[in-house]
Amino acid sequence: MRSSQRKELQQPSPFRLPRYDEIGLVLQGGGALGSYQAGVYEGIAEVGIEPTRISGISIGALNTAVIAGNAPEDRVEALRGFWNTISQPADLFSHVRSLLPVYPGCEDIARKWSSAWAATRTLVEGQQGFFSPRMRTLAADLVKRRPDEVSYYDTTALRETLMKYADFDRINDGGIRVSVGAVNVRNGNLVYFDNSTMRLKPEHFIASGSLPPGFPAVEIDGEFYWDGGLVSNTPLTEIIRESQHRDTLVLQVDLWSSRGKLPGDFLDVNERVKDIQYSSRTRAVTAFMAQNQKHAQLIKALLEHIPDSARRDHAVIQEAQKTADGSAVNVVHLIYKNKSFEGHYKDYEFSKDTMKEHWASGLDDIRNSFCHPEWFDIPSREVGFISHDVHRYRPGAKS
């Protein structure tokens, strides 16, 4: 596609969203890939859409804190400040790629080199405003310690960064329903910390992103918690499970793609495993929702053969009627697509260049999605559940 055509696609016409009862923003985990979500949010803000609910896991939980913790007009700038803080500035070796000659067919070699170098720096140095390496000794490793002391990195700096870019009074009182998922280390259960039932603190968001063994467990009210992605990396169900009888739009922003190239070496295998592991639950949830809607329509068809008197008198039939009425859920899916230079380390490659590329990709994808306003129509209750993905769209085909 010529650049002039691509630019035209990315400029959305004036956009008018139908009147949904609920607008949910779902942010998946994925470490350094999370700036893609920030780009998507910038595009959402451009057309004036304001989520009524946000649910996040891991890096998605951190983005959730920044979005919900700022006034609508300040959110994009706060996201930019947050990502500029935790993204690594280039060093001397990173600039070497700009001096290397480029040969036909080898354009990505220098970019691959600098990306791998940036990821290596993260492993060795940590990430400013986010995490730093712990000093380890053999003697210390032989001693049993608390769960919040057993990790390769210390995330103390993240609390200060969140406090700088998110107002937690606004998170709790700002009118947006917020929930972030974490795993209870003791019993292995996934729990959601929700501002409708508790006052959220930085620790709730940090716990959601505490992926072991890199990051330590976080203690909250006497229990220890790890990254919610250990159980489910996509908190879609947390929003749609309460969508009964409500027209709901879900903007689901995923950082791992189920589709990818066949691996050619062990590093490729590692990358592919991550993609499949962290994206598969999204597919399972959307498939489950579609199946539920089919069941609701079958129940509705059966209820038509039951007399009105029985519908009024039997509690079981009344409950079946609620299921049959169902809900209208529209999921617009934004999925990050891997860059050719990226490798198995893409989720901990925090260079500023890569952060900006992820951000731009998210902005492109949501703008191009808005070029299909029919995707945002409210589905009928008979259809119940629909989903759209700009990367699977083909002109002339049904979306």
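## Overview of the chain

Of the 399 residues in the protein chain, 49% are buried, where buried means under 20% relative accessible area, exposed means over 50%, and partly exposed lies in between (1.4 Å probe, protein chains only). This is a predicted model, in which local features need pLDDT of at least 70 and side-chain atom pairs count only at pLDDT 80 or more, while totals for chains, interfaces and linings use all residues. Residues are numbered from 1 along each chain as its sequence is written, and side-chain values use heavy atoms, with hydrogens and water left out.

The secondary structure of the protein chain comes to 14 helices and eleven strands, these being DSSP runs numbered from the N terminus (helices are H or I with at least four residues, strands are E with at least two). Among contacts in the chain between residues at least 6 apart in sequence, 76% join residues at least 24 apart, a contact being heavy atoms within 4.5 Å.

## The annotated active site

In an unreviewed entry, UniProt places the feature "active site" at Ser58 and Asp227; UniProt positions are given in the numbering used here, feature names are shortened, and annotations may be inferred rather than shown by experiment. Although these residues are spread over 170 residues of sequence, they cluster in space, with a largest C-alpha distance of 5.9 Å. Both Ser58 and Asp227 are included in the lining of the largest pocket.

Serine 58 lies in the loop between β2 (53-57) and α3 (59-68), and with a relative accessible area of 11% serine 58 is buried. Not counting residues up to four places away in sequence, serine 58 touches Gly29, Ser208, Gly209 and Asp227. Aspartate 227, by contrast, belongs to strand β8 (residues 223-227), and at 4% relative accessibility aspartate 227 also counts as buried. With residues up to four places away in sequence again left out, the residues that aspartate 227 touches include Ile57, Ser58, Val183, Ala207 and Leu211.

## The largest pocket

The largest pocket has a volume of about 590 Å³, a volume being the space filled by probe spheres set on grid points that are joined across faces, edges and corners. On a 1 Å grid over the protein atoms alone, a pocket is an open set of points where a 1.4 Å probe fits, with protein on both sides within 12 Å along at least five of seven lines, and lining residues have an atom within 4 Å of a point.

The pocket is lined by 28 residues, of which Gly31, Leu211, Phe215, Asp347 and Tyr348 lie nearest its centre. The elements that give two or more residues to this lining are α3, α5 (109-125) and α11 (266-303), and the largest share, three residues, comes from α11. By class, the lining has 15 nonpolar, ten polar and three charged residues; Ala, Val, Leu, Ile, Met, Phe, Trp, Tyr, Cys and Pro count as nonpolar, Asp, Glu, Lys and Arg as charged, and the others, Gly among them, as polar.

## Helix α4 and its cover

Helix α4 (residues 75-86) has twelve residues, which should span 16 Å at 1.5 Å a residue, and its end C-alpha atoms are 17 Å apart, which agrees; the expected span is 1.5 Å times one less than the number of residues. In α4, the residues Arg75, Val76, Ala78, Leu79, Gly81, Phe82, Trp83 and Ile86 are buried. What covers these buried residues includes α2 (35-46), α3, α7 (156-165) and α14 (352-370).

## Three further residues

Threonine 155 lies in the loop between β4 (153-154) and α7 and is buried, with a relative accessible area of 9%. Leaving aside neighbours within four places in sequence, threonine 155 is in contact with Phe130, Phe131, Ile206, Phe215 and Pro216.

Arginine 177 has its place in strand β5 (residues 177-184) and counts as partly exposed at 22% relative accessibility. Arginine 146 is found in the loop between α6 (138-141) and β4 and is partly exposed, with a relative accessible area of 38%. Arginine 146 and phenylalanine 224 are 78 residues apart in sequence and 9.6 Å apart in space, C-alpha to C-alpha; leaving aside neighbours within four places in sequence, arginine 146 is in contact with Glu219 and Phe224.
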